[in-house]
Protein chains: 4
Amino acid sequence: MGNGLQDLRERVFRANLDLVAKGLVIETWGNVSAVDRARGLVVIKPSGVPYDRLESGSMVVTDLDGTVVEGDLQPSSDLATHLEIYRCFPRAGGVAHTHSPAATAFAQARAELPCLGTTHADHFHGSVPVTREMTPAETAADYERNTGRVIIETFRDLDPAEVPAVLVASHGPFTWGDTCEAAVRNSIVLETVARMALDTARLGALEPIPSHLLERHFRRKHGPRAYYGQSRT
Amino acid sequence: MGNGLQDLRERVFRANLDLVAKGLVIETWGNVSAVDRARGLVVIKPSGVPYDRLESGSMVVTDLDGTVVEGDLQPSSDLATHLEIYRCFPRAGGVAHTHSPAATAFAQARAELPCLGTTHADHFHGSVPVTREMTPAETAADYERNTGRVIIETFRDLDPAEVPAVLVASHGPFTWGDTCEAAVRNSIVLETVARMALDTARLGALEPIPSHLLERHFRRKHGPRAYYGQSRT
Amino acid sequence: MGNGLQDLRERVFRANLDLVAKGLVIETWGNVSAVDRARGLVVIKPSGVPYDRLESGSMVVTDLDGTVVEGDLQPSSDLATHLEIYRCFPRAGGVAHTHSPAATAFAQARAELPCLGTTHADHFHGSVPVTREMTPAETAADYERNTGRVIIETFRDLDPAEVPAVLVASHGPFTWGDTCEAAVRNSIVLETVARMALDTARLGALEPIPSHLLERHFRRKHGPRAYYGQSRT
Amino acid sequence: MGNGLQDLRERVFRANLDLVAKGLVIETWGNVSAVDRARGLVVIKPSGVPYDRLESGSMVVTDLDGTVVEGDLQPSSDLATHLEIYRCFPRAGGVAHTHSPAATAFAQARAELPCLGTTHADHFHGSVPVTREMTPAETAADYERNTGRVIIETFRDLDPAEVPAVLVASHGPFTWGDTCEAAVRNSIVLETVARMALDTARLGALEPIPSHLLERHFRRKHGPRAYYGQSRT
């Protein structure tokens with residue numbers, strides 16, 4: 001195994017721990033993966049191992065069909081969902097899944113998370129969608145892969161690079177990004193804006209942000225005319 | 001006293017402290033016990049001793065009728081409730097009682113905690129039930145034992161191994177498990193899913209998860225076809 | 001100054017810091033005092049001094065009329081409220097005042113905090129009352145003393161030893177106890193049960209606990225037939 | 001650069017970190033600035049730099065037109081809003097901007113934060129206002145400066161020294177004060193009273209504090225007849 005993959009295992013390991021440090025997961029819930037597209041390999045957290053026993057060497061390496069190619073442990077039971085996302089969203093370099101409480105509340109209410117303010121608009125280009133409910137047949141066989149499929153279906157008319165997050169109905173959020181670190185950051189931001197939306201709901205109906213303000217804030221941080229942050233040139 | 005029981009005192013002591021570390025109890029509230037079925041002995045926290053003065057030697061050992069057989073302190077005033085659970089739920093190896101805030105909110109609303117999503121379904125096979133209110137007579141004499149009895153009555157048509165938790169009306173949660181550590185873990189998960197349910201309630205009526213999804217998630221983690229986690233063979 | 005009073009300054013100092021450690025106060029809000037009834041002296045926090053600059057020597061000693069008898073600093077601006085409580089509630093040995101958020105929410109809603117469950121009943125014998133609004137005249141002159149008077153008026157038909165807490169309308173909670181440590185503990189418990197009540201309110205109307213259960217729990221911990229905790233004999 | 005400005009960079013640096021320590025900002029959100037009116041210079045956080053890489057030397061110095069006069073980094077993208085506040089509120093010595101969750105909930109609901117109790121009245125002389133929505137034209141060009149202008153417009157009939165805070169509609173709070181430390185303190189207090197107001201909203205409609213009580217509390221801490229705290233003479 002080349003150094004590149006060793007680096008990726010270390011990064012995926014740290015990204016998983018970051019979810020715990022940020023309070024997004026408890027117990028063994030949640031998982032982060034990254035893909036190395038050049039080699040066609042995915043690195044993912046093992047299933048059901050307590051976070052305090054994880055080390056970078058416990059990360060599992062699979063190919064894009066989910067066959068374990070390195071590691072002694074079983075991969076996360078959500079692996080097939082991650083793989084479906086990598087297959088259909090070609091720019092995704094990392095995927096994160098949590099049961100973070102505020103985002104999960106929207107998933108449990110089967111409600112999309114509307115864009116209520118600039119905090120949201122700075123990171124997500126509009127509502128974070130909720131999937132449709134899965135059918136009994138989709139749940140009975142190939143459940144985790146079908147979870148991925150229903151996510152893809154939800155993005156039929158959406159750009160996953162502009163809204164790198166989804167709420168799986170009755171389940172919880174998945175996020176992605178260029179890297180596994182970006183995927184985790186999107187999970188953190190999603191939980192934050194979901195919590196703000198729950199607080200806003202205490203004050204009345206949820207009114208989306210005007211579209212011109214949404215555009216302004218999203219484009220301030222993303223794309224060719226972004227001017228937030230330090231120059232990358 | 002054999003080493004086995006000394007180990008159990010240490011474990012019950014640590015399980016009690018874990019409730020504090022996880023933020024589930026304040027002051028001297030809450031108590032954890034474990035049963036050694038081979039010897040017919042129960043180890044439980046003493047009553048009303050501040051957590052920072054507890055040590056494994058302060059744990060109280062009683063028989064299954066509640067007679068203290070070892071220890072200088074009074075056992076938890078909720079002992080009789082624990083004993084009733086051990087008597088009627090033969091697979092329970094540990095019991096935990098807290099006043100954790102979100103679960104207690106459901107108990108105070110005298111409302112069952114419905115299964116709203118997969119976080120809940122991964123751990124509890126359906127709603128966590130609430131007991132009926134106790135009568136004045138049940139409260140006047142043998143109150144703690146009657147609390148146990150009303151819990152048992154609530155499980156007349158439920159499997160306590162599949163739903164290892166209950167909300168005692170106007171009071172708070174009791175949980176159990178194979179071990180005292182599992183009982184504490186169930187208290188943590190219960191509080192987490194109760195908090196998510198309170199957040200979900202801000203977004204409208206509480207709609208239970210579809211039954212096929214409940215089955216899928218519960219069976220993914222429990223029983224002969226479980227595939228979550230690492231192989232135990 | 002005798003050693004006894006030095007001890008009391010130390011205890012009042014520590015009780016004030018405990019409010020901060022428990023998260024009940026931010027900035028310079030909140031104050032704790034204690035009375036030495038034998039000497040007719042009160043020890044209280046100085047006004048507006050940041051908590052990280054407080055030391056036991058900054059505590060201010062006054063007589064029961066509020067005249068400073070020791071200390072270089074101005075006493076808490078709420079001193080006159082504390083004095084009124086000591087004057088009229090002869091068993092109060094300590095008083096605490098916070099703007100803890102959940103209890104303050106009830107004060108701002110000008111709503112009493114009903115007894116919704118055993119967590120509350122274990123500590124307070126029924127609802128924690130809210131004062132009436134103060135009149136413009138009561139606010140214009142002698143405001144802090146009048147705050148104390150309206151507290152006393154609220155307890156005309158209540159026993160302050162059984163309900164050692166009050167919500168001052170549009171303001172926040174005051175609590176008391178045998179000692180300043182007990183007053184602080186009552187502030188912590190009050191905030192906890194107020195938070196639980198706010199969570200319970202998300203699930204529907206607030207229904208008080210049945211009176212037989214209230215009696216059982218309060219008497220389990222208080223008075224001649226108490227059996228919670230370790231024997232005091 | 002004189003020592004005075006070096007001191008101000010250090011203070012602005014520390015004030016920015018204080019926002020993080022108090023939990024008001026996550027990621028790179030939020031920014032604090034201070035003005036040196038004698039020199040006509042402003043010190044502000046750079047844009048989009050992670051807080052753990054900030055040092056006092058990363059603070060950016062600009063003139064009152066926003067031209068960078070010292071520092072290698074781009075200033076906060078909200079600089080023009082800060083400058084507009086300094087230009088129109090001559091007593092403002094520091095400005096803070098956060099996306100703190102409870103205050104942002106009010107901004108997202110496009111609702112002013114009413115004064116519900118003495119915690120609020122001790123710090124803000126009445127409601128914290130919300131701006132009107134900005135027009136598409138105001139958003140399209142000169143957006144950040146126009147954000148400042150709409151803040152100023154909101155204070156046409158208000159004294160910014162008595163209500164040193166505003167909620168920008170669909171965005172979040174800006175606060176100011178004599179110094180950058182006072183601006184940060186006002187952000188902390190604003191978040192605290194906004195959180196209390198959200199909790200109060202769970203108990204029914206939000207009723208403002210009676211005006212005589214508002215006056216009493218605000219004047220207890222502010223202006224010539226203030227008697228809270230230690231004498232400044």
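These legends walk through several close-ups of the predicted model.

Local features here need pLDDT of at least 70 and side-chain atom pairs count only at pLDDT 80 or more, while totals for chains, interfaces and linings use all residues. Residues are numbered from 1 along each chain as its sequence is written, chains are lettered from A and ligands numbered from 1 in the order in which they are written, and side-chain values use heavy atoms, with hydrogens and water left out.

**View 1. The seven-stranded sheet of chain D.**
Strands run in the order β4-β3-β2-β1-β5-β7-β6 in this open sheet, with antiparallel pairing. (Strands, E, at least two residues, and helices, H or I, at least four, are DSSP runs numbered from the N terminus; two strands pair if DSSP finds at least two bridges between them.) β4 (68-70) and β6 (165-168) of chain D sit at the edges with a single partner strand each, so one side of each has no neighbour in the sheet. From one strand to the next, the twist averages 25°.

**View 2. Helix α2 of chain D, between sheet and helix.**
α2(D) lies across β1 (31-36), β2 (41-44), β3, β5 (94-97) and β7 (172-177) of chain D, at about 40° to β1(D). α2(D) (residues 79-88) also packs with α6(D) (residues 143-154): their axes come within 7 Å and cross at roughly 35°. The crossing is right-handed, meaning that the near helix is turned clockwise from the far one by less than a right angle. Among the residues that meet are A80(D), E84(D) and I85(D) from α2(D), and R145(D), G148(D) and I152(D) from α6(D). (Contact means heavy atoms within 4.5 Å.) The contact residues split into five nonpolar, three polar and five charged. (Ala, Val, Leu, Ile, Met, Phe, Trp, Tyr, Cys and Pro count as nonpolar, Asp, Glu, Lys and Arg as charged, and the others, Gly among them, as polar.)

**View 3. Helix α8 of chain D, up against chain C.**
In α8(D) (residues 211-221), L213(D), L214(D), R216(D), H217(D), F218(D), R220(D) and K221(D) are buried. (Buried means under 20% relative accessible area, with a 1.4 Å probe and protein chains only.) These buried residues pack against α5 (136-140) and α6 (143-154) of chain C, along with α4 (118-121) of chain D. Just past α8(D), G223(D) takes a positive phi of about 85°.

**View 4. Chains D and C around the axis.**
(Copies are superposed by least squares on the C-alpha atoms of residues with pLDDT of at least 70 in both.) The copies use different surfaces, with 6% of the contact residues of chain D recurring in chain C.

**View 5. Strand β2 of chain B and its two partners.**
L41(B) and V43(B) point one way from β2(B) (residues 41-44), V42(B) and I44(B) point the other way, and all are buried. β1(B) (residues 31-36) pairs with β2(B) in the antiparallel sense over four bridges, with D36(B) opposite L41(B). Four residues lie between the strands of this hairpin, where G40(B) takes a positive phi near 70°. β2(B) also pairs with β3(B) (residues 60-63), again antiparallel over four bridges, and the bridge partner of V42(B) is T62(B).

Technical notes. Axes fitted to C-alpha atoms, helices over the stretch in contact; angles between N-to-C directions. Buried < 20%, exposed > 50% of the residue type's maximum accessible area, 1.4 Å probe, protein only.
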